[in-house]
Amino acid sequence: MLEIAGLTHTYRGARGAHTAVQSIDLSVAAGELVCIVGPSGCGKSTLLRSIAGLIRPTAGRVLIQGVQVDRTPDNLAVVFQDYSRSLFPWMTVAENVSLPLRRRSVKRAARRRVALAALEQVGLAGVGGKYPWELSGGMQQRTAIARAIAYRPALMLMDEPFGSVDAQTREDLEDLVLAVRRAHGMTILLITHDIDESVYVGDRVVVLSKSPGTVVADLPVELPGPREQIATREHPEFVRLRAEAGRLVRGRSAPPEPAGQGRRISAGPQTP
Amino acid sequence: MLEIAGLTHTYRGARGAHTAVQSIDLSVAAGELVCIVGPSGCGKSTLLRSIAGLIRPTAGRVLIQGVQVDRTPDNLAVVFQDYSRSLFPWMTVAENVSLPLRRRSVKRAARRRVALAALEQVGLAGVGGKYPWELSGGMQQRTAIARAIAYRPALMLMDEPFGSVDAQTREDLEDLVLAVRRAHGMTILLITHDIDESVYVGDRVVVLSKSPGTVVADLPVELPGPREQIATREHPEFVRLRAEAGRLVRGRSAPPEPAGQGRRISAGPQTP
Amino acid sequence: ACSSGGGDTSARPTSGSGLEKTEITVGTMPVVDVAPLQLAVRDGLFGQEGLQVKLQPLAGGAEAIPKLKSGALDVSFGNYVSFFSASAKNVLDLKVVADGFQSAPKTHVIMVPKDSPIASPADLAGKTIAVNTRRNVGTMLVRVAADAHGVKLDEDDNFVEFPFPEMEAVLKGKKVDAALVVEPFGTLLSQSIGAKMIWDTAQGPTADFPIAGYATTGGFAKENPKTLAAFQRAMVKAQAAAADRAKVVEIIPKYTSIQSGVAGSLAIGGFPTSLNATRLQRVADSMREYGLLAEDLNVSDLLFSASR
Amino acid sequence: MACRTDGRPAVRGRVAGAVTWTAGRLWLAVLLVWLWERVTTQVGEAYFPPPSEIVATGRELWFSGPADRFFLTEEAVEDFGPSLLNLFAGWLLTGLAGVALGVALGLSRTFARYVEPIVHFGRAIPPPTLISVFLSVFALGTSMQVATIVFGVIWPVVLNTMDGVRTVDGLHLDSAEVFGVRGLRRLRMIVLPAAAPKIIAGLRISIGLALILMVLSEMFGSKHGIGAHLVDSQRDFEPAAMWAGIVFVGVLGYLLNAAFTLVERRGPHRHHLARAAT
Amino acid sequence: MNTGGIIRGTIGALLPAATAEVLTRTGVLGLAPFSEVVVRFFTLAADGGFLLNAADTVAAWAAGLALATVAAVLTGVLLGSVPFLNTAAGVVVEFLRPIPSVALIPLAILLFGAETQMKIALICYAAAWPILLNTIYALRDVDPLAKEALRSFGFGRLAVLWRVSLPSAAPFVATGVRVSAAIGLVVVIGAELYGGGERGIGVVLIQARSGGGSDEVMLAVALWAGVFGLAVNTLLQRLSRTAFRWHAVRTGDLR
Ligand SMILES: Nc1ncnc2c1ncn2[C@@H]1O[C@H](COP(=O)(O)OP(=O)(O)OP(=O)(O)O)[C@@H](O)[C@H]1O
Ligand SMILES: Nc1ncnc2c1ncn2[C@@H]1O[C@H](COP(=O)(O)OP(=O)(O)OP(=O)(O)O)[C@@H](O)[C@H]1O
Ligand SMILES: [Mg+2]
Ligand SMILES: [Mg+2]
């Protein structure tokens, strides 16, 4: 389904070049839900943007269903972290959801039908006529997910989709993604910096190193049965996996911070 | 130290009145670190703003060290969730930190000394001359904490202080709060919507009900020894407590969402 | 060769036939000077020549030149100083079509505030004098008067520009020492603030001084000689009619905001009926003398004559 | 950019950078001037002299003076001196009065409800219709010109300041309150800096307007100044001199704007200001 | 503005009005008494000739503003989407912007002859700048994430411009139009006053000034300009608050 080989991206700016991701190899089978975790600034978003064809990789290539990506492929949808910025405030919720279908030359009435169905699926029946800013954060993010679902992509990319919603809503949305995956058999690549989340939703957890990001581990998640917020998180395997992933993410050494300050200067020594 | 009795706050707006918190009773002993958790919109921030004297309660009262709060008391500091908005971008980090000391008529040189010491304590030695926007998110939040520390309040209120930083930084900041508490013996009231976090840092976890918020539980946290990110979270008592708090927060029933949609309409039925 | 074709008016057909253009736009201003033009329009003198004249008000006269050039106006009223210097600077290929107005006693006067120590142009040395347009006929009239009293005035240092309606305020506020005004402002100033006239410019070298006329461009004149001749004929009749003071007094309130009561007591200048090169040459010579022209200008080249 | 392995290429790189920077900014202006030159020479209309003639006239008028006066002619000193003085005096007064009124309007909704309509009212009054008012209020000369400038320019400053003060982040105000920053100190240390981007944007708009009104105010009742120069050259039918005046105003505007940009980029609030365009 | 707003605004105007009345009545200001100006203000409203002239002025104003909006938005879109052109245009814009349109009257007469076109051209010149600058700034500030959101579904550059950039820039463009509306009014009356013409408020003023004692009319017209400007501002503000409610909600500009 998705094949990434030797992907490297270097940003060239006024202040010199910065390699964000380096020689990433990764393959995702159809129907899989792969989570990518890594320290802040390690290049997760850069990786996603390269897959989506929004930026051109410096080296390496990305194949989706065997076709090399050079411009945005049309069997792909992206859910961005910042729902308040990726939804268009001048359109109603239903218009937002149906907008991508214009590319498929779907008729107006059909567009509307598909949009309302997608909204219903994410639990937003009846709000199609409202504007995004009239909804709570969680509902906005669901709208963004509905937009992606309505488009029926073969591959859905999600960049920290629950980073800015509260914990409660976040758990609901995690379950929603699992349900959507089951319902449509989509392939999903989900980026997060929450290790718990990655273990909870993922079939596999791919850990990236600090900048420039490379793959340091690819952990299969073998948790029994359908996931359930409370029971699953109490499962010993879950606790083990999250500890392992946690050690992998932070273990190598402290992730970089702009001013080069050590991260635990004060808290560290005082912890006996 | 802090006594809250029958606190109720009702917002009166153009579209009618909305009771955010109702009959809250709570007392916090000197030196305690109490965490408050509750679903989104249940009135946590309203509670905090009432304690800080930023809004006047509709009923009930707040006593700090035996004195009734009516305008902002001067032995209190607040760390707001949104660091990027609560720091002043036109002042350097050191100026931001030393600003509150003007109120105490501290001389210029002394102000500077105290500010730099507080910055050092949060691991920001040497960045005093920078502007807040030149720092990463985590560093900005540490600056806000340093500002509160420099002020040496008897009571520190923190409103979802780590809500918008990445998981890695968040853990560091949690440990920093623990260290600060130990170092200065402050009383701290910390609001969060992350149940894990509340159990990890709190001496007690107070759970609020959905809107209008009232206290539904007050769980003492009895975890051994100094806390440590990985080990503590693997501790069976931790796992038990977070599950219990989790059930309490969500258990009563789904928290409200503006449009009155059930929260799990789609995900629910599909979970066998 | 210099007189207009007005003499043989009656010999020409009075119908519109034969005119290159029967509808022309003429620039005008709400001032006493154009009373004959207004009479001509009202009394249908243009119509008798087969002409339809549309009047277009000008703000200050300065924009007459670009309006003539762009064709927005076919003929425009304007003062000779402006016309001649535009012509001398080669900005406009000028043809004067008809004479309009000349000064007469009390039409152009120098006024000072009631209690001013200035009693004659001799006292104007180093003073600030308001005129409506600098480097124009106003400053020239004042400088001629001052010269006669042995006082030299500097074009840039002694004059400031104010619109006539503001002169009352600036005189009263002592913001200028004196002002050169035309009618009705001279009459109004003495009525409203008791301003004193210290000099009437219609004497000596500037007596009966040609002030303004009607001009067009050389291009228009070449293409529309018959139309312009018709215009000339009508204007000659109108100018002659304006010799009757009653007619002028009667029409002034119709196109200006001068009240009828005031109009009756105005000093009214002369309305020459012929286009006389010798008379107009006086203006050019004075301009040369007072530095408003860099070189001599031969006015007779600038006059339109239907026979050419 | 060029490689910077040793010192010399670095210098060359910087020089090349400066050249690219300048060229990137100027090519269009140069192209337009060149086109203008071609067209005007071809057409030969007196009112549209070619740029070369305009520049020559301007130089002769203003910049052919003695070296010890920076080549300024007497005319230039007479024309520019009072003009610039009026400009800055008017602009400064506007800044002070506009910011003060704007702050008051921004801080008090009640006050604003009563006064804001007058502000929008005043903004639409054409200054030329108020000549007589200005004349009777102020003595001839400088102060009247300054008054015209102030009247025409104050509105954007008031409106922007009001807007800036009104939209100070509530959390900034709460933070100030919690840490006991109140009263005048709050105004000085929190409200004004927070509103600074909008205030500065208002001042920036206003300096452009001030330039326009400076010229306008000198068009009557003034012996010297650029406005008087423009009127005189129009009346004297010297299009090249008139154009030189127009060009001078344009260049002056460009320079003032550039100075503003510099202040914005270099000042302590640069980040904060960069975000607040208009 | 609602009734309450009008009442409060009127009360707010009373103090300056009373001051003006006292100053003019006592002769401190050598002007027509303010109350006479107000009377003239109302008699003008009943004067058919004045209204016809005013209609002419307003028509020129509206046409100039509309033309400026179209021209400035188109130019803004062009400059906003071609960065190198934008950089180069900066010099030209900042050079042209401060040139007073009154100084251009003779040139405009020459180029546009007929008086209405001349007025429209001058209004357009003066009114285009705020709109142009706002358009450029707004397009530069369009959220890149919003653009990427659309691009990620495979839409091209034009679709992004049309569906994302223009809608999100629209509120700022509207603010520019509001600023320009007032500028246009100032310019149109100035152009008529200094450029003459057949009809228009400026022509009424020129005529009124021919007989002396014209302050009254001049000031009454100034009052009219102010009232008209206030009305237009209120109308445009309301329109844009309704049309761009999403934006007003964001900036808390809902009163
Ligand atoms: N447009 C850009 N130009 C230059 N450098 C960039 C650009 N975008 C990102 N970077 C840099 O590349 C690195 C990787 O950025 P990226 O956004 O991919 O990280 P991330 O893993 O998504 O981080 P986060 O968890 O904070 O979202 C960072 O160091 C960032 O500063
Ligand atoms: N200024 C206000 N006017 C009217 N209603 C308000 C106001 N501030 C908050 N509310 C309402 O009061 C309720 C409680 O708000 P509050 O901000 O205290 O919740 P919270 O628990 O802090 O939520 P969150 O976890 O999302 O921060 C919410 O329903 C909110 O909509
Ligand atoms: Mg990212
Ligand atoms: Mg809150």
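**View 1. An oxygen atom of ligand 2 lies 2.9 Å from a polar backbone atom of B:Gly43.** The model shown here is predicted. B:Ser45 also reaches ligand 2: a polar atom of its side chain sits 2.6 Å from a ligand oxygen. B:Thr46 uses its side chain too, with an N or O atom 2.4 Å from an oxygen atom of ligand 2. On its own, ligand 2 has 630 Å² of accessible area, and the protein covers 59% of that area.

**View 2. Residues of chain B surround ligand 2.** The shell includes the run B:Ser40, B:Gly41, B:Cys42, B:Gly43, B:Lys44, B:Ser45 and B:Thr46. B:Tyr11, B:His18, B:Ala20 and B:Glu160 also belong to the shell. Which element gives the most to this shell? It is α1(B), with three residues. By class, the shell around ligand 2 holds three nonpolar, six polar and two charged residues.

**View 3. Ligand 1 makes its approaches to chain A through oxygen atoms, among them one 3.1 Å from a side-chain N or O atom of A:His18.** A:Cys42 contributes its backbone: a polar atom there is 3.2 Å from an oxygen atom of ligand 1. A:Thr46 contributes its side chain, where an N or O atom is 2.4 Å from a ligand oxygen.

**View 4. Residues of chain A form the shell around ligand 1.** A:Tyr11, A:His18, A:Ala20 and A:Glu160 are part of the shell. Two elements of chain A, β2 (16-28) and α1 (44-51), each supply at least two residues. The largest share, three residues, comes from α1(A). Three residues of the shell are nonpolar, six are polar and two are charged.

**View 5. A:Glu174 sits in helix α6 of chain A, which spans residues 167-184.** Is A:Glu174 buried or exposed? A:Glu174 counts as buried because its relative accessible area is 1%, and the cut-off for buried is under 20%. Its side chain makes a polar contact of 2.9 Å with the side chain of A:Arg233. Beyond its neighbours within four places in sequence, A:Glu174 is in contact with A:Phe162, A:Glu197, A:Tyr200, A:Val201, A:Gln229 and A:Arg233.

**View 6. Chain E carries the UniProt annotation "transmembrane region", taken from an unreviewed entry.** The annotation covers residues 58-79, 91-114, 120-139 and 217-236. Residues 58-79 of chain E are 100% helix and 0% strand. The C-alpha atoms at the ends of that segment are 31 Å apart. Over residues 91-114, chain E is 58% helix and 0% strand. There, too, the end C-alpha atoms are 31 Å apart.

**View 7. Chain D has 11 helices and zero strands.** From the N terminus on, its elements run α-α-α-α-α-α-α-α-α-α-α. Chain D has 278 residues, and 54% of them count as buried. How do contacts in chain D divide by distance in sequence? Among those between residues at least 6 apart, 66% join residues at least 24 apart. The accessible surface of chain D comes to about 12,500 Å². Carbon and sulfur atoms account for 67% of that surface.

Conventions:
Residues numbered from 1 in each chain as written. Chains lettered and ligands numbered in written order. Predicted model: local features only at pLDDT ≥ 70, side-chain atom pairs only at ≥ 80, totals over all residues. Heavy atoms only, no water. Near = heavy atom within 4 Å. Polar contact = N/O pair within 3.5 Å; in protein donor to acceptor, adjacent residues only side chain to side chain. Areas by Shrake-Rupley, 256 points an atom, 1.4 Å probe, with all protein chains shown as cover. Helix = DSSP H or I, 4+ residues; strand = E, 2+ residues; numbered from the N terminus. Nonpolar A, V, L, I, M, F, W, Y, C, P; charged D, E, K, R; others polar. UniProt positions renumbered as here; feature names shortened; annotations may be inferred. Buried < 20%, exposed > 50% of the residue type's maximum accessible area, 1.4 Å probe, protein only. Contact = heavy atoms within 4.5 Å.
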